[in-house]
Amino acid sequence: MKWLVFPIACVLGSVGWVHAQPSQSFFVVHCDPGYAHLFPKLRQMVDYATDKGVPLTLELSPQWVDAILDDPRKLNAVRQWQALGHEIGAHHHGIYHCFWDSLTNYPIDTIWKVRGDTSLVPARCARGVYRGTLDSFYARLDRVAGDSLLLTWGSSDQHPEVDLYPFVPYRTDGSRYDVRRAFSNPYVVTHGPYRAEGKTWGPYTTCQIDYYFIDDRNKVDAVIAMYEDTAFSNGYEVVGVVTHVFNFARDPMYFRTWVDFISGKGCRTVRQILRRAPCGVTRNVVVEGKEKVLKMTTEGEGEGVQLSWLGKADIYLYDSMGRMLWARRGVRAPVSLPLHGMPSGVYVLLCRLESRTEVRRILWP
Ligand SMILES: [Zn+2]
């Protein structure tokens, strides 16, 4: 039970410290729709954070993903950032968000009912345009994430299970009003099931961690004050903040102040923190994702997973950090996944079939 070692070690570790601050920190950057032209600003943020040894978790909206995939120099920069330890995640503004990014899995009637209801979406917000479901976003996200696989999703939807990428195990959440939300311990949330117009989404389970939104010096000072107030922060394992690229573009000073402060204080990406958290692990093999072309059968409790499909396929197995563990290319069914002897945790299976690519999450054992 390798996953249980970490929290116990944390508890024991904190006994010797009367006033211990959070042992880990993360910094999420939201790359919002409408601001993809600010890529050079994001580069400045990443460069500064890299210099200070602060890995960023970059949550990209569909518009940023498009801009990056359309420009090899940008994609190349992203690959360099990943190599330096930064994480690529996903960001999405759903139909309840004032600045909806135009994609959603909600049915058409529900979309326009929500967009037209001023008790749900303020009257000042544009009604928006519908460009399709999130499938194209998922596929393009996986290309931006590359070999490191997409694992983290950050958005604030009313019903996260509708638009949530069903295969991502980690999610960030939080507040722009309550500074206490900067402090949290990893926790598990089950989203859904949610039903609308005869369809059902979820339930999906994610391992989560919280952040507080910073965009000026006062907010940074407020987080620092709470961090230093060990009577409060002692109870938390993690401190996390989020900001936007467009906030940095207006005034980079608050960003630098926070990076300078948090440098050297247990800085990690979201995936690094959550992979060590004792959440998302169940006793039995659980395979999540809809049954489509690929069939997965568990061979009994703790026994393993067998795959079957038609035709040839490329099969890849990744660990919770997105590292490729095992691959078989151009093979025919059936194939058994080599899970025996592997540590407990979340694994991700990616299968390129002739007709489509499928991704599944496996909680082992
Ligand atoms: Zn946003």
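Modeller: Helices (H or I, at least four residues) and strands (E, at least two) are DSSP runs, numbered from the N terminus. This is a predicted model, where local features need pLDDT of at least 70, side-chain atom pairs count only at pLDDT 80 or more, and totals for chains, interfaces and linings use all residues. Residues are numbered from 1 along each chain as its sequence is written, and side-chain values use heavy atoms, with hydrogens and water left out.

Colleague: Where does Ser 102 lie, and what is its phi?

Modeller: Ser 102 sits in the loop between strand E3 (87-92) and helix H5 (108-115). Its phi is positive, about 85°, although Ser 102 is not a glycine.

Colleague: Why is Ser 102 called buried?

Modeller: Buried means under 20% relative accessible area, exposed means over 50%, and partly exposed is in between (1.4 Å probe, protein chains only). Ser 102 has 7% relative accessibility, so Ser 102 counts as buried.

Colleague: Why is Glu 197 called partly exposed?

Modeller: The relative accessible area of Glu 197 is 43%, which falls between 20% and 50%, so Glu 197 is partly exposed. This residue is in the loop between E8 and strand E9 (199-201). Phi of Glu 197 is near 50°, again a positive value in a residue other than glycine.

Colleague: Which peptide bond is cis at Pro 193, and where is Pro 193 found?

Modeller: The bond from Gly 192 to Pro 193 is cis, with omega near 5°. Pro 193 belongs to the loop between strand E7 (187-191) and strand E8 (194-196).

Colleague: What is omega for the cis peptide bond that joins Ala 333 and Pro 334?

Modeller: For that bond, omega is about -5°. Pro 334 is placed in the loop between strand E16 (324-332) and strand E17 (335-336).
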